[in-house]
Amino acid sequence: MAYPFQKSRKHLCANSLITTISESYEQIPNVRPNKDSRKITIHDASMSAFAMMHLKYPSLLSFERDKTEQEVRHNLEHLYQIKKRAPCDTSMREILDPIDPVEFKKPFKTLLSNVQRGGLLKAFEFHCGNLKNHYLLPIDGTGLFYSCNNKKPCQECCTKNKGKANEAHYHQLMAACIAHPDQKTVLPLAPEAIVCQDGSTKNDCEKNAIKRLFATIREHHPRLKFVILLDSLYADNPTVQLIKSYGWHYIIVAKDGNHASLVEAMDELDKEGKVHRAEKVNEETGIKWWFRYANDVRLNKAKYAEQVNVLDFVETDKKGKQHIWCWVTDIPLNEETIEPVMKGGRCRWHIENQTFNTLKNQGYDLEHNYGHGEKHLATNLAYLTMLAFLVDQIQELCCPQFQEALRTRSKGVRIALWKWIQGYFLHWLIKTWEGLFYTVTHGIEEKRVIPFDTS
């Protein structure tokens, strides 16, 4: 759950956030013939797709079924700024498919800049030794959906068993989020589609995607200082060099099985007495921490291997069960920094638990196949899903009405809140998000009652 800020910031509540998105989508270039543009505008199609994701609709068909109702048309106009009408499911696919995905990334930059100007990012700062005013940025890839068929894949499709009867198409996404050092809080940045080229492996594709993601992050947020958190796939010389070229820092997982030479180097330094140890006890929980660390260790046996700092960490709970980690980092390790580095490294799980798990299991339906399209449809809808998640995360941080509705109605399960919102959205005329959240929290005095038939 996000860390709540007590002070309300109206420019970071739903009405303003959605206005920002609407203004961005007004600028999307029209790539369709004029006769098609007169029917449904790109803006209305884009905002309709965003509304579908933000309202947690499980499919285009269910959204298509509801959008013709008077209450829904009214609410789409007032809450999502759809000016004429929402398209049918076929038109939505046709309109969104050719749009360059970069257009759907643009609101991520603006929304996060607004968060920063509102002072909210201060709480996310990571301090470690001489490292000040940095932000933890866990990054990882995830699968969206898997479709076994012989239909022609779109431009962003990955393909298995190409040309065979059991050919399968699937989509993957590379995502990054700013993570709170102490709270289970994330703010996702613009995602990046993982595209597999012929003959390339899954690992190659993820590494190419992360290069594009780094470039986007630098373009959108040139002044933010990041500590990149990655899994063991990226504990290699090219990735470390790439991160350093941007002036960022890193904490990367290093697994024994994949980094045998690093383990050997640590063991050799240990024999020479160049490895340091420390033990700590968490007084509140009774959990014991054991550290082993060394600076300037060769990452591998390559001729021009990077020199990294290595932190081995073992956590022992009250029952004696141990959890073991190893990280490589460029942050100098000493008695003062080993604990912040450890906590920062463990924040990598925020991308799995607070981001991907929420998107897949808390109503956002990230793994649902809304359609491949021919060009960018699946990617654009995935980006809109992430954008809906970002809007909810920002509200959870600083919108008191949303916080109260979440506290009152979710009961620990976000899907419960989405059902309340959907219920009012479908059956009542709503003019503002504040009014909707208030009604979700407090109910209404004149409830609709179905009369009992006594005949």
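Which residue in S5 is the bridge partner of Ile178? The partner is Leu187. This is a predicted model.

- S4 spans residues 168-179, and twelve of its twelve residues are buried, so the strand is largely enclosed by the rest of the structure.
- Both faces are covered. One side carries buried residues including Tyr170, Met174 and Ile178. The other carries buried residues including His169, Leu173 and Cys177.
- Strand S3 (residues 158-160) pairs antiparallel with S4 over three bridges. Lys160 has Ala168 of S4 as its bridge partner.
- S5 (residues 186-188) is joined to S4 by three bridges and runs antiparallel to it. The two strands form a hairpin, with six residues between them.
- S6 (residues 192-194) also pairs antiparallel with S4, over three bridges. Here Leu173 bridges to Ala193.

**Helix H10**
- H10 has twelve residues (260-271). At 1.5 Å a residue it should span 16 Å, and its end C-alpha atoms are 17 Å apart, which agrees.
- Ser261, Leu262, Met266 and Leu269 are buried in H10. Seen down the helix axis, the buried residues fall within an arc of 140°, so they line one face.
- The cover over these buried residues includes strands S10 (288-298), S11 (307-316) and S12 (322-329).
- Gly273 follows H10 and has a positive phi, near 75°.

**Glu77**
- Glu77 sits in helix H5 (residues 70-80). Its relative accessible area is 44%, so Glu77 is partly exposed.
- Glu77 and Ile430 are 353 residues apart in sequence, yet their C-alpha atoms are 9.7 Å apart in space.

Technical notes
Residues are numbered from 1 along each chain as its sequence is written. This is a predicted model: local features need pLDDT of at least 70, side-chain atom pairs count only at pLDDT 80 or more; totals for chains, interfaces and linings use all residues. Side-chain values use heavy atoms; hydrogens and water are left out. Helices (H or I, at least four residues) and strands (E, at least two) are DSSP runs, numbered from the N terminus. Buried means under 20% relative accessible area, exposed over 50%, partly exposed in between (1.4 Å probe, protein chains only). The expected span of a helix is 1.5 Å times one less than its number of residues. The arc is that of the directions from the helix axis to the C-beta atoms. Contact means heavy atoms within 4.5 Å. Two strands pair if DSSP finds at least two bridges between them.
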